[in-house]
Amino acid sequence: MKFNGFNDKPVKFKLKNGLNVELIYAPTLQTYVEYDVPLGSIHTSYKIGNKTYPLKPGIAHFLEHMMYMMKDHDAFEHFHKLGVIANAMTTYRQTTYGVIGHKNMLEATLYLLEMLETTNFTGERVQAEKSIINEEIAMYDDEIDTIVQKKMFDQLIYEHPIKYEITGRKSEISNISAKDLQRVFDHFYTSDKRQLLILGPIDVEQFKHALLNYKSPITATKHPLILNNEEPKNIKSSEEIYHLKMNVGVFNMGIKHILDTKDEKLLFKTELYMLFLMRLLYDTSTNFQEHMSDLKLMIDGFNFNLILEDETLIFMMDVESDHSFDLKEHVLEQFFNTDDKDLTKEAFIALKKAYLGHFMMALDDIENRLFLYGKYQLNGISLEEAFTLLDEITYEDILNFKSSITKDMFSFSHFIKNDQNS
């Protein structure tokens, strides 16, 4: 399968304020603008020169909210008047702002730059935003899926911030001040790694001329160097039982694997090794799941969750089951003593082909294509390289990776209905 990139190569240049710009002409119905800041929820400290600075948990997401507060109006209202859609999100490694529309896109882009290069942090505004973010956090606190995931993170992780929500926790949000926000803005929203990506049926020369002549309040860039979070290799707890008020029990399994590399390409492939391996062993199409269903040990299929940050690889899968302990024994048997009915070369080839197809289909969504392009680029990998790395994975890679997983990396949690005996 051949990777299909953009129709035209990006026109790349850098503004005087240090912003990296890429303009990509594409005959789409709308124009997509993305502005990426290299600051995410897992970043807890960084250096500029010889000085180290802390990052309070939740501050990246907090800044995302605050940036839409202009001096005398809400930026969302202005985008609405321009007839465009504005959005933003914070991930583990970045904060992304987007604008989508089919008219006034140059004006909307310049306004986006103005919004992201000026601050209006006051004590009153910060306090008001804390209430809004606390409501956002509370929306998910009581959901069973959230509880199940948090408990497993607690069993696997000591201090790595991937165990916490991107929003941060209420106790941590309460400690963020206007001064904290301004300092982080000054260092990351002037970073020499931030990037502006624009894709659509644009007049490239017109956009380039307007951007190069944009009068920015930022006159110098910073180079914040993110410091890695260290995490012990061992898990905190191998097995826990929880009694909750629920309609049916839940079985959850987690694996923690600390890698000894900072090579982004190898980390990318290793994440795929884990995903392929667990899909081959436990997915809905496997003999294992059919057998478990026949034994009535599980309801529906497993939910998979995979995270790899700072060389810390976490895999979790959960399923509704009132026979959690019996299911655990079968899961271990399948992993360590499988008779290879599921882990076959033929099954791997079919799965890899499907993932290559899914990768290409995901790029059909223009907004998603631009986001992945920017995400991989910030991590030092091109979109085409990501496709190539996926295509390079072999059956032997999966088997070799499987042999590196040991029983002491596993953790299990059993969520039992209150009326069920343990």
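This is a predicted model: local features need pLDDT of at least 70, side-chain atom pairs count only at pLDDT 80 or more; totals for chains, interfaces and linings use all residues.
A residue counts as buried when its relative accessible area is under 20%. Keep that cut-off in mind for Lys163: its relative accessibility is 8%, so Lys163 counts as buried.

Lys163 sits in the loop between helix H5 (144-156) and helix H6 (170-173). What does the lysine touch there? Leaving aside residues up to four places away in sequence, Lys163 is in contact with Phe153, Asp154, Ile157, Tyr158 and Lys236. With Ile157 there's a polar contact to look at: a polar atom of the Lys163 side chain lies 3.3 Å from the backbone oxygen of Ile157.

Gly101 is another buried residue to look up. You'll find Gly101 in strand S7 (residues 95-101). Its relative accessibility is 2%, and because the cut-off for buried is 20%, Gly101 falls in that class. Not counting residues up to four places away in sequence, Gly101 touches Gln30, Thr31 and Val84. For a sense of scale, pick out Leu313 as well: Gly101 and Leu313 are 212 residues apart in sequence, and their C-alpha atoms are 38 Å apart in space.

Now for the strands. As a reminder, strands of a sheet pair through backbone hydrogen bonds, either parallel or antiparallel. Strand S2 shows you both kinds. Strand S1 (residues 11-14) and strand S2 (residues 20-25) pair in the antiparallel sense over four bridges, and one of the pairs to look for is Lys14 with its bridge partner Asn20 in S2. The S1-S2 hairpin has five residues between the strands, and Gly18 there takes a positive phi near 90 degrees. S2 also pairs with strand S8 (residues 195-200), this time in the parallel sense and over six bridges. In that pairing, Glu22 stands opposite Leu197 in S8.

Next, there's an open sheet made of three strands, in the order S5-S4-S9, with antiparallel pairing. Which strands are at the edges? They're strand S5 (51-54) and strand S9 (225-226), each of which pairs on one side only. Strand S4 (residues 45-48) is joined to S9 by two bridges, and Lys47 has Leu225 in S9 as its bridge partner. Helix H7 (residues 178-188) lies across S4, S5 and S9, and runs at about 55 degrees to S4.

Have a look at where H9 starts: a side-chain oxygen of Asp263 reaches to within 2.9 Å of the backbone nitrogen of Lys265. Is H9 enclosed or exposed? Of its 19 residues, 14 are buried, so H9 is largely enclosed by the rest of the structure.

Finally, turn to a helix pair. Two packed helices are described by the angle between their axes and the distance between the axes. For helix H12 (residues 345-362) and helix H14 (residues 383-392), the axes come within 10 Å and cross at roughly 170 degrees. Angles over 145 degrees count as roughly antiparallel, and H12 and H14 are therefore roughly antiparallel to each other. Where they meet, H12 brings Lys352, Tyr355, Leu356, Phe359 and Met360, while H14 brings Leu383, Ala386, Phe387, Leu390, Asp391 and Glu392.

Methods: Residues are numbered from 1 along each chain as its sequence is written. Side-chain values use heavy atoms; hydrogens and water are left out. Two strands pair if DSSP finds at least two bridges between them. Contact means heavy atoms within 4.5 Å. Axes are lines fitted to C-alpha atoms, for helices over the stretch in contact, and angles run from 0 to 180 degrees between N-to-C directions. Buried means under 20% relative accessible area, exposed over 50%, partly exposed in between (1.4 Å probe, protein chains only). A polar contact is a pair of N or O atoms within 3.5 Å; within protein, one must be able to donate a hydrogen and the other to accept it, and residues adjacent in sequence count only if both atoms are side-chain atoms. Angles under 35 degrees count as roughly parallel, over 145 as roughly antiparallel, 65 to 115 as roughly perpendicular and the rest as oblique.
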